[in-house]
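Here is a friendly briefing for you to read alongside the coordinates. Please have the structure open as you go through the points.

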There are 4 protein chains.
Amino acid sequence: MTQDAQVVTPLGGRCRRKDARPGELIDAALDVFVERGYAAARLEDIAQRAGVTKGTVYLYFTDKEELFEAVVQHTLGGMVARGHLIAAGHTGRAADLLREILGHWWRDIVCDPRASALPKLLIAEACNFPRLARAYYQIVIEPGRALLRDVLQRGIERGEFRPVAVDNVVQFIIGPLVYRQCMQHSLQVAVPGMQLGDGDFLRSFEEHLLASLAPTVAGTVAP
Amino acid sequence: MTQDAQVVTPLGGRCRRKDARPGELIDAALDVFVERGYAAARLEDIAQRAGVTKGTVYLYFTDKEELFEAVVQHTLGGMVARGHLIAAGHTGRAADLLREILGHWWRDIVCDPRASALPKLLIAEACNFPRLARAYYQIVIEPGRALLRDVLQRGIERGEFRPVAVDNVVQFIIGPLVYRQCMQHSLQVAVPGMQLGDGDFLRSFEEHLLASLAPTVAGTVAP
Amino acid sequence: MTQDAQVVTPLGGRCRRKDARPGELIDAALDVFVERGYAAARLEDIAQRAGVTKGTVYLYFTDKEELFEAVVQHTLGGMVARGHLIAAGHTGRAADLLREILGHWWRDIVCDPRASALPKLLIAEACNFPRLARAYYQIVIEPGRALLRDVLQRGIERGEFRPVAVDNVVQFIIGPLVYRQCMQHSLQVAVPGMQLGDGDFLRSFEEHLLASLAPTVAGTVAP
Amino acid sequence: MTQDAQVVTPLGGRCRRKDARPGELIDAALDVFVERGYAAARLEDIAQRAGVTKGTVYLYFTDKEELFEAVVQHTLGGMVARGHLIAAGHTGRAADLLREILGHWWRDIVCDPRASALPKLLIAEACNFPRLARAYYQIVIEPGRALLRDVLQRGIERGEFRPVAVDNVVQFIIGPLVYRQCMQHSLQVAVPGMQLGDGDFLRSFEEHLLASLAPTVAGTVAP
DNA sequence: AATGAATGAGTATTCATTCAT
DNA sequence: AATGAATGAATACTCATTCAT
């Protein structure tokens, strides 16, 4: 009853009640899982970061595994929609679309300290959480690839890009960005001076990709 | 001959193999670390797979952590050194040198089901074992980057490559390969049908890089 | 009343006794340490004797060593303090004060089968637990010596005692009592018939000390 | 065969052969047992200090317990004989005999870093090695007490000492010296600045005892 | 006689999970 | 709904002991 004071939040904002708890726990858990990895993450740390005690976690999640899965599922949701919307509404040049998609990836995910952390988690735990791995594959990876495949194919069909092995090039696009995300949340934390390229990474990367995709006048590329 | 007497142990039980043991333990440890992850790997399992008991591990390594370091050092330490040798002895075109280095990386690491697993391990555990992360950085990452930087710079100086932001391009080279290695040991294990590109990945990648690096006749690249 | 609800636990199982637990654990630990010695004392035995399980010990003490320190502090910490209080409030003859202090030592420590066991423990483990040894020195030994030093000095200044080498005589006072305590918990346990003097030890000891400290008419003491 | 070089020692002294081994091991073991206590003493350290390897210890002693018992038995031997010889041959004043005995105890045992260490060991381990405790009692303690008892009784009979409770006074003589020996090998090792009296301990002690034993002219001792 | 590689039982410590309040 | 005291299974590490050489 005395607690009701909390429900009436002075700022009129979101009040701390049981409805908010799962989200707060998921938030806190994401942080800790990312920092420590699944095995080393302690329920007590997660609870503390969410401002509750260990026991409370079990009111919302049956065990650590379920919490982990909820964290991933919840964080995954926001990562997909945008790309498809962008592609669907785009009518201009394929290069511009590619740039736009990369720009969004960069700003919304790579630069977001929370969103950028998921790949590391999934790479580390996929074998122990195959169900999660499959969800991630279906929700993030396959749609993401399809998106990039479409862009490349569109560009090739229009003669904007040279004909390349689309599925492979998709990996060349995904690889450097995911690699960077992983490093941000692993080695770079442990090795203080470590750099991940020399500034303006996104611009460099766009240029790199478009240079590679540019149609050649003659077959001058590779011997 | 003298060695054979030791290797072919008549009795399955205790046998003296002081010279061979560290290697056998490192081998077994690599397997178990890759399968289970560092934290979940039990010293007893590692020992058992090496055909010894727990205690024996501590005759050769002071720690679980030291064993892990030995695994990394032993598995990848030599690889980068070999790359530098190749580069040092190379006098031909930078593109050929790049191809040669990528070929070695591909065949000796990416295609080796054990060596290819280490980046995933390191990414997963770097935050919890900073000492290990720093060792990996010094043994593998920094030398590897330096190697690729040299190749690129050599190509640019000779006019074989266009002038690019070297440190970034190094990441574009490393990214797709490490990403592939990570996938091989995580999602691909959990998602049966998952593909990592459509065949001839290495050839595609070489072509992709060289196309991007090729000097442009005019500024035709990107607006 | 509110406390009683906790103390009388209806179910033998889990009950919350946060306030009482540390004391119960210290009690149990003293027993086990005395019986087995520090190294041979198993945390599990201590826990069991306190009616809890292993894990519970770690809710209250970070370490076996810290538990040991708590045992020493709790068992002897108050005793010396009491001695100082007695000395501070004493205005009569030094001999009487000395008798009073010895009486307390005798009744509260030598005759307490648990408190009397600590010197033996400390003597046995000091080399392996220097931190503990230093704590014991500061909590028990140095204050105890200071107390006796004061009494002797007071007696000498007042002419009640002859002038003696105070620091040495302090050892002559401590020695027989600590020696007796050690024997009670070692040889006397193993050698059934062993005697530690012939009754009325305390009275004898007081007389012995006061006879030695008595001022001499002439220098008749030693040739 | 090449080893024979060891047998022919250049200095003509005691050569290292199997006959000497047990003694060397006992020597080394005494050191380590005293430093660490029985439980914390590692067979490997003992072996190393004796210049052999762990396995060798088991050629001479069936296990750690037997080695410990051998150490104590062996060291005990030297501690008894002298005192009795002195007493047997003494015809002068009891005080002089007491002084002589204390002097020998002081110089041969208290000041000998090896011999002085036994009491600590036995006090610490008597409960776990009752057989040893009984041996120590019979070989050292009881004869030692008897010796002191005789001296005191002789002094009392001759009127050199006042009539005291002999068995108690024996403890007052033994206590400070044994206490000192224990401290030398325990707290004093761990607490660097610790002092055990202020110099000339032996002289002080003799004086202290003789002052206490001196016959009183009148009943001036204690009320 | 000596070695030292190998063993494996034993224990302090951690942490996910439970449940009385 | 929330707490936090209590649990107990799990594991890294130590060291006395064995035995093939």
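Asp31(D) counts as partly exposed, because its relative accessibility is 23% (buried is under 20% relative accessible area, exposed over 50%, partly exposed in between, with a 1.4 Å probe and protein chains only). This is a predicted model, in which local features need pLDDT of at least 70 and side-chain atom pairs count only at pLDDT 80 or more, while totals for chains, interfaces and linings use all residues. Residues are numbered from 1 along each chain as its sequence is written, chains are lettered from A in the order in which they are written, and side-chain values use heavy atoms, leaving out hydrogens and water.

- Asp31(D) forms a salt bridge with Arg49(D), with the closest N and O atoms 4.0 Å apart (a salt bridge is a side-chain nitrogen of Lys or Arg within 4 Å of a carboxyl oxygen of Asp or Glu).
- Arg49(D) lies in helix H3 (residues 43–49) of chain D and Asp31(D) in helix H2 (residues 21–36) of chain D, so the pair ties together parts 18 residues apart in sequence; helices here are DSSP runs of H or I with at least four residues, numbered from the N terminus.
- Arg49(D) is partly exposed, with a relative accessible area of 42%.
- In chain A, salt bridges that share partners join several residues into one network, among them Asp31(A), Arg49(A) and Arg114(A).
- Over all chains, the count comes to 73 salt bridges.

**Salt bridges in chain C**

- Glu24(C) pairs with Arg21(C) in a salt bridge, the closest N and O atoms being 3.2 Å apart.
- Both Glu24(C) and Arg21(C) lie in helix H2 (residues 21–36) of chain C, three residues apart, which is about one turn of the helix.
- Glu24(C) is partly exposed because its relative accessibility is 23%, whereas Arg21(C), at 9%, counts as buried.
- Arg131(C) forms a salt bridge with Glu65(C), and their closest N and O atoms are 4.0 Å apart.
- That pair links distant parts of the chain, 66 residues apart: Arg131(C) is in helix H8 (residues 130–157) of chain C and Glu65(C) in helix H5 (residues 64–88) of chain C.
- Arg131(C) is partly exposed at 42% relative accessibility, and Glu65(C) is buried at 18%.

**Helix H9 of chain C**

- 18 of the 19 residues of H9(C) are buried, so this helix is largely enclosed by the rest of the structure.
- H9(C) bends by about 25 degrees at Ile174(C), and Pro176(C), a proline, follows within four residues (the bend is the angle between axes fitted to the seven residues ending there and the seven starting there).

Terms used:
Helices (H or I, at least four residues) and strands (E, at least two) are DSSP runs, numbered from the N terminus.
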